[in-house]
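User: I want to learn how to read a fold, one feature at a time. Can you take me through this one?

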Amino acid sequence: MKTIDDLGDLRGKRVLVRSDFNVPLDGTTITDDGRIRAALPTLKRLLDAGARVIVTAHLGRPKGEPDAKYSLAPVAARLGELLGQDVALADDVVGESAKATVAALQDGQIALLENIRFDARETSKDEAERGALADELAALADAFVSDGFGVVHRKQASVYDVALRLPHAAGLLVLTEVEALRKAVEDPERPYVVVLGGAKVSDKLGVIGNLITKADKLLIGGGMMFTFLKAQGHEVGSSLLEQDQVETVKGYLAQAEEAGVEIVLPVDTLVAPEFGSDDFEVVAVDAIPADKMGLDIGPKSGQLFREAILGAKTIAWNGPMGVFERPAYAEGTKAVAQALVDTEGFSIVGGGDSAAAVRLLGFDEAGFGHISTGGGASLELLEGKTLPGIAVLED
């Protein structure tokens, strides 16, 4: 992939940067600015080079039209604080305000276009529609830098099509993400352990299928563990269960055994009568009461997972072990995160809820080898898929 250095002297050049500013909001308050901070190295590099920086990004899922609750105004304010300079915010995506805002930029200044998903063409399946938006974006700039790793698995106008129209390069974040994740996928130092959690097996079918041929151990927690336990013949009470995936999981268990890959499942779980209840207890996975649901892995499982992680040279983690947003159900996720901090191996936290959990539970991000900013993109790389937003940069 081309880097920013390959773009040459950028002083006075207009550089369009695709960032990922899809941050969680409470009203207009940003509750986790991790993705904004992750964008800073690339933006500072371009500003220091004297470029006129134009950032395009998305927030939430507006339905292809302006929606005030998804405005990037809070992002512009926070980005300005972090950069220590004003960030001009256009009122639209590629309209008159965007053109005027870009035209007013001086060398070393930065502007943010309004939420790219306010324009329905961004996510259109029609190449001509996406291309028309990409043409308008490209007309604002002299070069393009792709730095929104969280969207590189999407064939979208501001991710893929615009790169076909401008001299382009990967930003520092995208380079770091791809290097770290390919290290785990293509040539991991062994033993290679993958920890998978989150709610649904169906979300991770591709990655499980791929990793059975790549990893040495798969540790399964979160809501998806109950489909695995059911496949082993255990009753799971009222726990989250994807009944239609039980046969698929049985196939994975058999495939893993044949390939010599160890699938490590929890031996105990924290159960309660309903989500949010404080009336919880820890039981063995073969003794889950019919009227209770599992909401976290238990302490014995946390220790079992910790030992597997500490014995590994490469560890990739995607998905929490339980409902970590509630302190009572956060211990399993905390145990995995602590093991990743304590290991001497190279650890990768695979974006999304895992990255949010690390921050929410108070861990120092410097304690991990790499924290990904892209949940879906990191999963698809672990699946071995070709990502359109990366492939278009590899010319």
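User: In what order do the 3 strands of the open sheet run, and is the pairing parallel or antiparallel?

Analyst: First the general idea. Strands of a sheet pair through backbone hydrogen bonds, either parallel or antiparallel. Now the case here, bearing in mind that this is a predicted model. The 3 strands are ordered β13-β12-β14, and their pairing is antiparallel. On average, neighbouring strands are turned by 45 degrees against each other, direction ignored.

User: Which helix packs on the sheet?

Analyst: Helix α9, residues 299-310. It touches β12, β13 and β14, and its direction makes about 40 degrees with that of β14.

User: How many bridges join β12 to β13, and how many join β12 to β14?

Analyst: Strand β12 (residues 268-272) has 4 bridges to β13, running antiparallel. β12 also has 4 bridges to β14, again antiparallel. Follow V271 across the sheet. Its bridge partner in β13 is E281, and in β14 it is G294. D268 stands opposite A284 in β13.

User: How many residues of β12 are buried?

Analyst: Buried means under 20% relative accessible area. In β12, 5 of the 5 residues are buried, so the strand is largely enclosed by the rest of the structure. Check the two faces separately. D268, L270 and A272 cover one side, T269 and V271 the other, and all are buried.

User: Now the sheet with 6 strands. What is the order, and is the pairing parallel or antiparallel?

Analyst: The order is β5-β6-β4-β1-β7-β8, in an open sheet with parallel pairing. The edges are β5 (87-89) and β8 (168-170), which pair on one side only. From one strand to the next, the twist averages 25 degrees. Take one pair as an example. β1 (residues 14-18) and β4 (residues 52-56) pair in the parallel sense over 5 bridges. There, V17 has V55 as its bridge partner in β4.

User: Which strands does helix α2 lie across?

Analyst: α2 (residues 73-83) lies across β5 and β6 (110-112). Relative to β5, the helix runs at about 170 degrees.

User: At what angle do α1 and α2 pack?

Analyst: Start with the side chains. An α-helix has 3.6 residues a turn, so residues three or four places apart point the same way. Then look at the axes. α1 and α2 pack at about 60 degrees, with their axes 11 Å apart. That angle makes α1 oblique to α2. The crossing is right-handed. α1 contributes I36, R37, L40, L43, K44 and L47 to the contact, while α2 contributes V75, R78, L79, L82 and L83. By class, this contact has 8 nonpolar, no polar and 3 charged residues.

User: Why is α12 described as largely enclosed?

Analyst: Count its buried residues. In α12 (residues 375-382), 7 of the 8 residues are buried, so the helix is largely enclosed by the rest of the structure. The buried ones are G375, A377, S378, L379, E380, L381 and L382. They pack against α1 (34-48), α5 (172-186), β9 (192-196), α6 (205-211), β15 (314-318) and α11 (352-360). After α12 comes G384, with a positive phi near 85 degrees.

User: Let me try single residues. Where is I4, and is it buried or exposed?

Analyst: I4 sits in the segment before β1. Its relative accessibility is 5%, so I4 counts as buried. Next, compare sequence with space. I4 and R45 are 41 residues apart along the chain, and their C-alpha atoms are separated by 8.7 Å. Not counting residues up to four places away in sequence, I4 touches L10, T42, R45, L46, V145, A169, A170 and G171.

User: And D161: is it buried or exposed?

Analyst: D161 is buried, with a relative accessible area of 4%. It belongs to the loop between β7 (143-146) and β8. Leaving aside neighbours within four places in sequence, D161 is in contact with R130, A134 and Q156.

User: Last one. Is the peptide bond from R190 to P191 cis or trans?

Analyst: Read omega. The bond from R190 to P191 is cis, with omega near 5 degrees. P191 lies in the loop between α5 and β9.

Notes:
Residues numbered from 1 in each chain as written. Predicted model: local features only at pLDDT ≥ 70, side-chain atom pairs only at ≥ 80, totals over all residues. Heavy atoms only, no water. Pairing = 2+ DSSP bridges. Helix = DSSP H or I, 4+ residues; strand = E, 2+ residues; numbered from the N terminus. Axes fitted to C-alpha atoms, helices over the stretch in contact; angles between N-to-C directions. Contact = heavy atoms within 4.5 Å. Buried < 20%, exposed > 50% of the residue type's maximum accessible area, 1.4 Å probe, protein only. Parallel < 35°, antiparallel > 145°, perpendicular 65-115°, else oblique. Left-handed = near helix turned anticlockwise from the far one by under 90°. Nonpolar A, V, L, I, M, F, W, Y, C, P; charged D, E, K, R; others polar.
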